[in-house]
Amino acid sequence: MRSAPAYLALAGWIGLLALGVATATTVDRRLRNRLTRRYERYEIRLSMHDDAKPGDLEDMVEALGGAVRKRYNDRVSQGQPFVSLELWHRPSPVGMQWTLCLVCESQMARTLEAIIAGAYPDVRIGHEFDEEPRPIPCVLDEPGYVLRFRKRRPFILPLANPAPSALQRQGRATPLSEAIAMTQTSLRLPSLVRFQITPASEELEDRARRRLERHHHRQHEHHHHLAHDTSIIDQAEMRAAVEVRHRSMFYLEIQVGSEDWETCNRIAASLVARRGENHLHRRYMVIRQRLYRHRFPSAYPPLLPPASLRNLVSGAELAHLLELPSARMKGVPVRRLTVPRMPSPPDAFRATDPHAPPAPTPAKEALAKAAK
C-alpha cells in the first residue's frame with residue numbers, strides 16, 4: 001500500500017504536467033494569432049486646416065491604446081494587437097512621394113479614424129469622403145538595413161520634459177514627423193520610419209509606479225546619508241517622471257529601414273535630437289540584423305520585450321512623437337485634403353445606396369396622407 005508522500009508526489013507530477021500542457025497550448029495559440037492577424041496599411045490623408053493641441057494629443061494616444069487593448073484573460077491567451085504610424089518615402093508613378101500610414105487591424109480602421117478625428121477633425125484614414133477605408137495596394141520590400149531605438153536611461157525617466165521651457169513658451173516646437181519627412185525627402189531614397197505601439201498591461205503600469213517610488217526612496221536615502229539636500233537635477237527628473245506617469249503605458253518599437261546604415265543614421269538624426277530627462281539611442285544589432293530585415297515588411301513586433309523595459313513609455317511621451325505634420329511643412333511631396341469636414345444637422349439625408357429609392361420627407365408624407 002502506497003504511503004501519503006507517494007500520492008503527493010504523483011499529484012505534484014500530474015499538476016506540473018497539466019501546467020506544461022496549458023502553457024504550451026497558450027503559447028501555440030498566441031503564436032498562431034500573431035501570424036494570422038490581418039493588418040492593413042491605410043494612408044492618412046492630411047488636411048490643410050488641422051493643428052492639434054497638446055492635451056488633445058495625449059487624449060488621442062490614450063484612446064488609441066484603449067481601443068486596441070485586450071482584456072487580461074484575452075491578452076494572456078490570444079495576445080495583444082498593435083498599432084503603427086509609418087512615415088514612408090517611396091517611388092510612385094509621378095516620382096518620389098511621402099506618405100503617412102496607419103497600420104492596424106482591418107476592422108479597427110473606422111474606430112481609430114474617429115479617435116484621431118478628436119485631435120485632427122479633418123484627417124481621414126484610407127478614404128477622402130464617406131466611402132469605406134481602403135488599404136494601400138502595395139507591398140513593402142525588405143530593406144538593406146534596419147535601425148532600432150530604445151531609451152538610453154531607465155524607463156521611468158520621460159523622453160520629453162512636460163514642463164514648458166523658455167523656447168516652448170515662445171513658440172511650439174516643430175513636430176518630429178516634419179523633421180523626419182524633410183530628411184527623408186532630401187535624401188531622395190526609399191525609406192520608412194515606424195512608430196509601433198502596443199498597450200501594456202495594467203499590472204505592468206502598477207509595477208512602473210512601484211519602481212518609481214523605489215527610485216525616489218533610494219535617491220532620498222542616498223542624499224540623506226551624504227547629509228545634504230537632493231540636487232536640482234534629481235528634483236527636476238523626479239518631477240518630470242511623476243507628471244507623465246498618470247497616463248497609460250505602452251511598448252514602443254521604433255525602426256528605421258532603408259538601403260544602408262548611413263542612410264538610416266541620417267534619417268534617425270532627428271530622433272536622437274529630441275531630448276528631455278531621457279532620450280533615444282541606437283541599438284546596434286549585429287546578430288539579429290537579418291531577422292529584423294526579414295520581419296520589417298510585415299511589421300511584426302519583437303516576441304519578448306527587453307528585460308530592462310527601456311522601450312516602455314507613457315501616453316504623454318508618445319504625444320510628442322506621434323504628432324502629425326502641420327500645413328506649414330514645405331518641400332515634402334505629400335497629398336493633402338483641401339475640403340474640410342462640414343457640420344451637418346442630424347436630419348440631413350445621407351445616401352447609402354445609389355439604386356435605393358429616396359427617403360420620404362415630412363412634406364411628401366403629409367401629401368400622401370391627404371391623398372388617402
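A salt bridge is a side-chain nitrogen of Lys or Arg within 4 Å of a carboxyl oxygen of Asp or Glu. The model on display is predicted, so local features need pLDDT of at least 70 and side-chain atom pairs count only at pLDDT 80 or more, while totals for chains, interfaces and linings use all residues. Residues are numbered from 1 along each chain as its sequence is written, and side-chain values use heavy atoms, leaving out hydrogens and water.

A search of the whole structure finds 16 salt bridges.

Next, select Arg-38 and Glu-40, a salt bridge whose closest N and O atoms are 2.8 Å apart. Arg-38 is exposed at 57% relative accessible area, whereas Glu-40 is buried at 17% (buried means under 20% relative accessible area, exposed over 50%, partly exposed in between, with a 1.4 Å probe and protein chains only).

Then turn to Glu-317 and Lys-151, whose side chains form a salt bridge of 2.9 Å, N to O. This pair links distant parts of the chain, 166 residues apart: Glu-317 lies in helix α12 (residues 315-321) and Lys-151 in strand β5 (residues 145-151). Helices (H or I, at least four residues) and strands (E, at least two) are DSSP runs, numbered from the N terminus. Glu-317 is buried at 1%, and Lys-151 is buried at 1%.

Finally, select Thr-183 in helix α6 (residues 176-187). Leaving aside neighbours within four places in sequence, Thr-183 is in contact with Arg-266, Ile-267 and Ser-270, where contact means heavy atoms within 4.5 Å.
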